[in-house]
Amino acid sequence: MTGTTNDSTVLKAIADLAPMWMPGCVVDTAEQTVEVGWGRGALQMSAVVGLGEIIDRCRQLPQQLWAEQIEAWLRAVVAEGELATQEHRFGDVAVRQRAMLLQRGWSARTSGPVADALIPFGDHFEVVVFVGTGADYHRLTIVRRSMLGLGDPDVPSPVQLTLEHISDLRPVEHDGFSVLSRDDDPLVSMAIVDREKLLPQASIGLGVLVGVPRLSTVAFCDADAGQQAADRLAQYVANTYRDAPDQCSPDLYWLQGDRMVQVPVTLAQPPGVMLPAALLPSPRRTWVRHLWQQLFRR
């Protein structure tokens, strides 16, 4: 069965079933959209939402499972519409957008029938979009971002708004490595994204070893700082991750420019780092690094 035929089959199923579950909703098979409504009493709202997400999902499932998926998705879209209405009560939604760096797959493990708005970030992380509501951050879905008009070209980027928010962070030295941290601020992890400004060492020489144990904490050292420094960093990351309310990742990574690879850490107590051969100390590298430090301190 071709992709076009598949789409048509799913669209027909949606057009047949949607009015049964939600009287008054309108499916446009030509435009591949559905108009849904919500509200109470005199306050009634509606929105037109693209069907691409549910079509793609159904194409990956046996046809006997489509009805359940379509109903769950439609009801979730209505719930998203109600949330979008409430979000406006807290002020301009566009400037309250923020982005957080989370472990890859976090959204797939924790999201509901409607997909989160996110940007994949390498092999190990993803940037997920949130909106500030009072003192909390609520995740945004692709559907709700559309309902709130946040996909328009003139709306500021949630990533840019977040990087501006953390631009004043300064590293603090801690037992041979550096720490970027701010209490109760889950946006600090985005320092990895803004590495040119907040982690400039990542683009110098062999880069940095870095850990993101909490959304509010990023720890790093020069990648060629040696085994003892790497082990101390790994121990700090492991201890900081353990029982943290805003856990991000217990792992250690080698970040060099735009390249990030996971560095193995033993499960021993205390943990130890299995450094790649390229980061093992050599007399020449040790001498060059010592010279660089002396020049930098002047």
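How do the residues lining the second largest pocket divide into nonpolar, polar and charged? In this predicted model, the lining comprises 12 nonpolar, 3 polar and 2 charged residues. Helix H8 (227-241) contributes to that lining and also carries a set of buried residues.

**Second largest pocket**
- The volume of the second largest pocket is about 260 Å³.
- Its lining consists of 17 residues, and Ala 238, Pro 250, Val 265, Thr 266 and Leu 267 lie nearest the centre.
- At least two lining residues come from each of helix H8 and strand E13 (259-263), with H8 giving the largest share, 4 residues.

**Helix H8**
- The 15 residues of H8 should span 21 Å at 1.5 Å a residue, and the end C-alpha atoms are 21 Å apart, so the two values agree.
- Buried positions in H8 include Ala 229, Asp 231, Leu 233, Tyr 236 and Thr 240.
- Among the elements covering the buried residues of H8 are strands E8 (172-174), E9 (177-181), E10 (208-214), E11 (217-222) and E12 (252-256).
- Asp 243, which follows H8, has a positive phi near 65°.

**Nonpolar cores**
- The largest nonpolar core holds 32 residues, of which Phe 125, Leu 180, Met 190, Ile 192, Val 210 and Val 218 touch the most other members.
- Strands E4 (97-103), E6 (125-133), E10, E11 and E12, together with helix H6 (158-165), each supply at least two residues of this core.
- Leu 180 touches, among others, Leu 169, Val 188, Leu 198, Val 218 and Phe 220, leaving aside residues up to four places away in sequence.
- A second, separate core has 26 residues, including Val 10, Ile 14, Ile 70 and Val 114.

Note on methods. Residues are numbered from 1 along each chain as its sequence is written. This is a predicted model: local features need pLDDT of at least 70, side-chain atom pairs count only at pLDDT 80 or more; totals for chains, interfaces and linings use all residues. Side-chain values use heavy atoms; hydrogens and water are left out. On a 1 Å grid over the protein atoms alone, a cavity is a set of points where a 1.4 Å probe fits but cannot get out, and a pocket is an open set with protein on both sides within 12 Å along at least five of seven lines; lining residues have an atom within 4 Å of a point. Grid points are joined across faces, edges and corners, and a volume is the space filled by probe spheres set on the points. Ala, Val, Leu, Ile, Met, Phe, Trp, Tyr, Cys and Pro count as nonpolar, Asp, Glu, Lys and Arg as charged, and the others, Gly among them, as polar. The expected span of a helix is 1.5 Å times one less than its number of residues. Buried means under 20% relative accessible area, exposed over 50%, partly exposed in between (1.4 Å probe, protein chains only). Contact means heavy atoms within 4.5 Å. A nonpolar core is a set of buried Ala, Val, Leu, Ile, Met, Phe, Trp, Tyr and Cys residues joined through side-chain atoms within 4.5 Å.
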